[in-house]
Amino acid sequence: MIISYIQAMKSSSASSLSKRSPGRPREFNLDEALDRAIGLFSEQGYYGTSVSDLSAVMNVTVGSLYKAFPDKHAIFIAAFDRYLAVRGGHLAERLSKLSSGRQQIEGILRHYAEYSFGARGARGCLVVASAVELSTLHPDIARRIAQLMAHYRQRFQQCIAQGKQDGSVPSHIDAEAIAALLLCITQGMRVLGKTGVTEDDMQLMVATALTLVS
């Protein structure tokens, strides 16, 4: 279940590789190194990124990388899980301050909008990039992304159901259909972020999307 491994990544306290394996050239902070790898994979894609590229951007020798990870795929999976944990934590913190179902839907939409313009938008989304580039040839990644999308859709459905209960969402709304559409909008925002859309563009999309639950 996708929620489980996001929580597992967030609860991990091992922020550095403090245990030396035999012949290890150096120690490094794993989270900081993976954060740099996330940026590189997001910008260049999986196939456009070499281990040498990763070594340079992560500020870790190739030898140290191979002591920590068996191959590039393993580095990517670690970066992918780190990406989910960090972004998921930011969104969870935001939603914890919102009460009604409609407010939570708006919170999710604004979260995606804020990551979809300017420098962050141009960098792109690791999930979207992976879905396009890797799903066909890497079944393990395809499975992870399918689980993620199902989780995101279910989250919208839960917000709509909560909104119906607290009166912030009209009772006639088709939760399943609208949740699927909201999922498409949020993922589409991340794609458009690569094209140079503005903050005003994103906020207009949020306002328009909210009419679906009004």
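**Helix packing and aromatic contacts: worked exercises**

Helices H5 and H8 are oblique to each other. The exercises below begin with this pair. The model is predicted: local features need pLDDT of at least 70, side-chain atom pairs count only at pLDDT 80 or more, and totals for chains, interfaces and linings use all residues. Residues are numbered from 1 along each chain as its sequence is written, and side-chain values use heavy atoms, with hydrogens and water left out.

**Exercise 1. State how the axes of H5 and H8 are placed and which residues make the contact.**

Step 1. The axes (lines fitted to C-alpha atoms over the stretch in contact, with angles from 0 to 180 degrees between N-to-C directions) of H5 and H8, residues 126–133, come within 10 Å. They cross at roughly 140°.

Step 2. The class follows from the angle: under 35 degrees is roughly parallel, over 145 roughly antiparallel, 65 to 115 roughly perpendicular, and the rest oblique. H5 and H8 are therefore oblique.

Step 3. On the H5 side, the contact (heavy atoms within 4.5 Å) involves Phe76, Ala79, Phe80, Tyr83 and Leu84. H8 contributes Leu126, Val127 and Ser130.

Step 4. Seven of these residues are nonpolar, one is polar and none is charged. Here Ala, Val, Leu, Ile, Met, Phe, Trp, Tyr, Cys and Pro are nonpolar, Asp, Glu, Lys and Arg charged, and the others, Gly among them, polar.

**Exercise 2. Determine the crossing angle of H10 and H11 and the residues that meet.**

Step 1. H10 covers residues 175–192 and H11 residues 199–210; their axes come within 11 Å and cross at roughly 175°. That angle makes H10 roughly antiparallel to H11.

Step 2. Leu182, Ile185, Met189 and Leu192 of H10 meet Met202, Met205, Val206 and Ala209 of H11.

Step 3. The residues of this contact are eight nonpolar, no polar and no charged.

**Exercise 3. Describe the aromatic pairs of phenylalanine 41 and of tyrosine 46.**

Step 1. The structure holds five aromatic pairs. Rings of Phe, Tyr and Trp (its six-membered ring) pair if their centres lie within 6.5 Å; planes under 30 degrees apart are stacked, over 60 edge-to-face, and the rest tilted.

Step 2. For phenylalanine 41 and phenylalanine 76, the ring centres are 5.0 Å apart and the planes stand at 85°, so the pair is edge-to-face.

Step 3. Phenylalanine 41 belongs to H2 (residues 30–44) and phenylalanine 76 to H5 (residues 72–95), so the pair ties together parts that are 35 residues apart in sequence.

Step 4. Phenylalanine 41 is buried (under 20% relative accessible area; exposed is over 50%, partly exposed in between, with a 1.4 Å probe and protein chains only) because its relative accessibility is 1%. Phenylalanine 76, at 1%, is likewise buried.

Step 5. Tyrosine 46 and tyrosine 47 are also paired edge-to-face, with 5.2 Å from centre to centre and 85° between the planes. Tyrosine 46 is buried at 8%, whereas tyrosine 47 is partly exposed at 46%.

Step 6. One aromatic cluster is formed by Phe41, Tyr46, Tyr47, Phe76 and Phe80.

**Exercise 4. Identify the charged groups over the rings of tyrosine 46 and tyrosine 115.**

Step 1. The criterion is NZ of Lys or CZ of Arg within 6 Å of the ring centre and within 35 degrees of the ring normal.

Step 2. Over the ring of tyrosine 46 sits the charged end of lysine 72, 4.1 Å from the ring centre.

Step 3. Over the face of tyrosine 115 lies arginine 120, at 4.3 Å from the ring centre.

**Exercise 5. Locate arginine 110, glutamine 158 and asparagine 59 among the helices.**

Step 1. The chain has eleven helices and zero strands; helices (H or I, at least four residues) and strands (E, at least two) are DSSP runs numbered from the N terminus. Of its 214 residues, 44% count as buried.

Step 2. Arginine 110 lies in H6 (residues 101–114) and is partly exposed at 23%. Not counting residues up to four places away in sequence, arginine 110 touches Arg94, Gln203 and Val206. Its C-alpha atom is 8.4 Å from that of methionine 202, a residue 92 positions away in sequence.

Step 3. Glutamine 158 is in H9 (residues 139–166) and is partly exposed at 49%.

Step 4. Asparagine 59 is in the loop between H3 (51–58) and H4 (62–68). Although not a glycine, asparagine 59 has a positive phi of about 60°.
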